[in-house]
Amino acid sequence: MSKDRQIDPRADMLMGSMRSMGYSFESAVADIIDNSISAKASTIRVLFPLTPLDNLAVGILDDGNGMSKQTLVEAMRYGSTASEDLRDENDLGRFGLGLKSASLSQCKLLTVVSYWNGQVSAFSWDYDYILEKKAWIAKELNQSEIKDLPYFNDLQQTKKGTLVIWQNFDTLHKSSEGLVFDALNDLKNKLDDSLGLIFHRFLNGNKNIIKFYINNHKVKPQDPFLENHPKTTTKKERSIALQDSNGIERLIYIKPYILPFATDLSDSDKKLIGGLENLRQRQGFYIYRNNRLIIWGTWFGMKPRAELTKNARIRVDIPNSLDDIWSINVTKQTATIPKRIQNQLKSTVIQALEISTTKQTHRGRKENPDEERDYIWQRFADRNHSFYYTINQESKLFKYVQSQMTEQDFDLLLMLVGEIEKNIPLQQLYVDKSNEKVSINIPDSRIDDVFQLSVTIASTIHQSTNRPYTEIIDDIMKSEPFCNYDEIKSKLIDNFNHVIE
């Protein structure tokens, strides 16, 4: 008969292993903030040293409910709650590991101070002490030690809430070659963008708005969908039913968005979506769990990222009761779409991508170009189904230029055109377009220039063919560049009105 035998994990080895769970600095801070939100905080501050002479510590301070000494002891326990436990529907935690694993992934010394009913208590995990004692021994700080903690004065001013303190940044010390203050300063700047995206619903909600600060700087919310922009394309929200692990039916809500063209965005719009340089990387699903953004910028293998689909985003809201079904990990940085709803989501993805592709190609040459339109550039497919481009030598404009040249001059023009076609800077155009750095310099006089050109061509055609001006004008208005300026047609008719029959 088998015997029960208790085998406790080695504290130094397990804690060391859990320090390498893959948290980024931003995701670690976000994990601590989850606890502050669950504690019903209205203001959350992330505090950084102001000068290299300050204590090199990071503090995350909230004005939430705070914890009694016994509650704080449980919060410091590894695995303080089971992932399968029934939790409040607004709870942002899961494994009972976030506070410890997130913090100690960034530093060797974690201290948590909390107010409860006018009493303050503090405990710390010190990885160096664990290595020495080789046991799960946390330190309870006395009142004198608490008063000397960095940022404690900020907590004492409100006499409520919780302060999480990170010290002894060993990994950062190595990666920055000892320049910890400079490294923390760089991370502070990155954190502003990250928190503004991950918690944008809490920052910009209609109710229960939470204020976030980095030192004295107020974090502003981003809006990855530009929901209030008049040119954002939205599709109707739909729901998908999915059973949780207990067989209870839960609903997932899905809504696709297609962002406007970059040229339709103001500077404030560009800031709201995190900058044009991030458009391509941020296309895809945006998975929210209790309004907190978990995963973004991926199609989960359904489709590759592409330039023409960079404006497509699909918002997905899931309840925390489906964490295990979505395989959300401890760091809240990865998830997997449940197989049972993949096909339903795929149809939404395809529809959003088609809309995005159509919008992107609408301003350029259509996939099935108008055969009656006289284009300046022609697009051809070769035997390998790749495309190449040539100047349309049958266009009205090209024919007009030819008619004004000698045969020798025209031969020189053909030589120049051939070299232009062979040396189109496609790679650089792609790079610049991907970075939204392509601009078309259209002078204010462009319409007048096109109009004057159309008058000249119409007059030349009429003189050589004696065709009616009305017919010539209709013909010209099917050609580039004239077809791009509908307003010149009426001006052409007025110009030749005295000779139009």
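A residue counts as buried when its relative accessible area is under 20%, as exposed when it is over 50%, and as partly exposed in between. The model described here is predicted. By that definition, buried residues make up 45% of the 501 residues in the chain.

The chain contains 18 helices and 16 strands. Among contacts with a separation of 6 or more, 65% are between residues 24 or more positions apart. The accessible surface is about 27900 Å², and carbon and sulfur atoms hold 48% of that area.

Side chains of opposite charge can pair when their charged atoms come close. The structure holds 20 salt bridges. One of them pairs Asp 12 with Lys 134, with 3.5 Å between the closest N and O atoms. Asp 12 lies in helix H1, while Lys 134 sits in the loop between helix H5 and strand S5, so the bridge links parts of the chain 122 residues apart. Asp 12 has a relative accessible area of 6% and is therefore buried.

Helix H5 also supplies Asp 128, whose side chain meets that of Lys 108 in a salt bridge at 2.7 Å, N to O. Lys 108 belongs to the loop between helix H4 and strand S3, 20 residues from Asp 128. Asp 128 is partly exposed at 33% relative accessibility, whereas Lys 108 is buried at 15%.

A further bridge connects two helices: Asp 475 in H17 and Lys 396 in H13, 79 residues apart. Their closest N and O atoms are 3.6 Å apart. Asp 475 is partly exposed at 23%, and Lys 396 is partly exposed at 25%. Elsewhere, salt bridges with shared partners join Arg 201, Glu 227, Glu 237, Arg 315 and Asp 317 into one network.

Definitions and conventions
Residues numbered from 1 in each chain as written. Predicted model: local features only at pLDDT ≥ 70, side-chain atom pairs only at ≥ 80, totals over all residues. Heavy atoms only, no water. Helix = DSSP H or I, 4+ residues; strand = E, 2+ residues; numbered from the N terminus. Buried < 20%, exposed > 50% of the residue type's maximum accessible area, 1.4 Å probe, protein only. Contact = heavy atoms within 4.5 Å. Areas by Shrake-Rupley, 256 points an atom, 1.4 Å probe, with all protein chains shown as cover. Salt bridge = Lys/Arg side-chain N within 4 Å of Asp/Glu carboxyl O.
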